[in-house]
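Here are my notes for a colleague who is starting to read protein structures. Please keep the sequence and the 3D view open while going through the numbered points.

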Amino acid sequence: DDGELGQGDTAMRGGNPGDMAALQNIDLGTGRSAKSVSMADYHACAILDNNKVKCWGWNGNGELGLGDTTMRGDNPGEMGDNLPYVDLGTGRTAKSISAGGSHTCAVLDNGVLKCWGYNMDGELGYEDGNDRGDVPGEMGDNLPAVNLGTGRKVKAVQSAGHHTCAILDNDKVKCWGHNGFGSSGVGDSIGRTHNPGTMGDNLPYTD
């Protein structure tokens, strides 16, 4: 319904006989191919063969990282070379990416983690409840790294519906965002990472 299949329309695929045989490749741009892909509820992101990122589908909270809330992939002419790359910062590329319910996080080539999109529960890790990537000027060099502790880098990330978890360079795990069901794994159900001073060294490791 939101163009998350990247076919330039809102038609479903795979529910009827013959749908799969007629399924077209997603146009990621001239000569481009995908190294990895992550699907969320209503949007998708891919790391291409040049290690840059493109996202398409629903974009109500900036989860596509394009500085607006316009959906991509639901109308003709929005994919391929017309679909912009996500600006991760000057000279930066992505090693891995994870699309959550309405947010997206990427581990960059320098081990830094950046997240954008929906942030009501602090799932972006920026100690507030403000969405990122939904208006101009929030991406690229203006999007800060998620602070996961002094000197810490990120090896892997997983975005869920309203929380995020990362494996750090010391092979320990930290989670943040919605915690009503104990999803942060710190022994309580207190939501804390949408407030100042709750990330970085103050965010406990998951035991």
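1. Which residue in E3 stands opposite Cys45? Looking across the pairing, one finds that Cys45 stands opposite Cys55. Before going further, please keep in mind that this is a predicted model, and that the values below are computed from it.

2. The strands around this pair belong to an open sheet of 3 strands, arranged in the order E1-E2-E3 with antiparallel pairing. Its edges are taken by strand E1 (34-39) and by E3, each of which pairs on one side only. Averaged over the sheet and with direction ignored, neighbouring strands are turned by 20° against each other. Within this arrangement, E2 and E3 run antiparallel and are joined by 5 bridges.

3. The pairing of E7 with E8 is antiparallel and extends over 5 bridges, and Val157 is found opposite Ala166 in E8.

4. Which residues have the most contacts inside the largest nonpolar core? This core has 38 residues, and those with the most contacts inside it are Val53, Leu113, Trp116, Val146, Leu148 and Trp176. Several strands supply at least two residues each, among them strand E2 (43-48), strand E3 (53-57), strand E7 (154-159) and strand E8 (163-168). The strand that gives the most to this core is E2, with 5 residues. To follow one of these residues in the viewer, take Leu148, which touches, among others, Leu113, Val154, Ala166, Leu168 and Trp176, when residues up to four places away in sequence are not counted.

5. Is His103 buried or exposed? His103 has a relative accessibility of 0%, and because buried means under 20%, His103 counts as buried. His103 is placed in strand E5 (residues 103-108), and its side chain makes a polar contact of 2.8 Å with the side chain of Thr164.

6. The structure holds 7 salt bridges, of which I would look at a few in turn. Asp49 forms one with Arg32, where the closest N and O atoms are 2.8 Å apart. Since Asp49 lies in the loop between E2 and E3 while Arg32 lies in the segment before E1, this pair ties together parts that are 17 residues apart in sequence. Both partners are partly exposed, Asp49 with a relative accessible area of 33% and Arg32 with 31%.

7. Another salt bridge joins Lys155 and Asp171, with the closest N and O atoms 2.5 Å apart. Lys155 lies in strand E7 and Asp171 in the loop between E8 and strand E9 (173-177), so the pair ties together parts that are 16 residues apart in sequence. Lys155 counts as partly exposed at 48% relative accessibility, whereas Asp171 counts as exposed at 52%.

8. Finally, please look at the salt bridge between Asp68 and Arg72, whose closest N and O atoms are 2.9 Å apart. Arg72 is buried, with a relative accessible area of 13%.

Definitions and conventions
Residues are numbered from 1 along each chain as its sequence is written. This is a predicted model: local features need pLDDT of at least 70, side-chain atom pairs count only at pLDDT 80 or more; totals for chains, interfaces and linings use all residues. Side-chain values use heavy atoms; hydrogens and water are left out. Helices (H or I, at least four residues) and strands (E, at least two) are DSSP runs, numbered from the N terminus. Buried means under 20% relative accessible area, exposed over 50%, partly exposed in between (1.4 Å probe, protein chains only). A polar contact is a pair of N or O atoms within 3.5 Å; within protein, one must be able to donate a hydrogen and the other to accept it, and residues adjacent in sequence count only if both atoms are side-chain atoms. A nonpolar core is a set of buried Ala, Val, Leu, Ile, Met, Phe, Trp, Tyr and Cys residues joined through side-chain atoms within 4.5 Å. Contact means heavy atoms within 4.5 Å. Two strands pair if DSSP finds at least two bridges between them. Axes are lines fitted to C-alpha atoms, for helices over the stretch in contact, and angles run from 0 to 180 degrees between N-to-C directions. A salt bridge is a side-chain nitrogen of Lys or Arg within 4 Å of a carboxyl oxygen of Asp or Glu.
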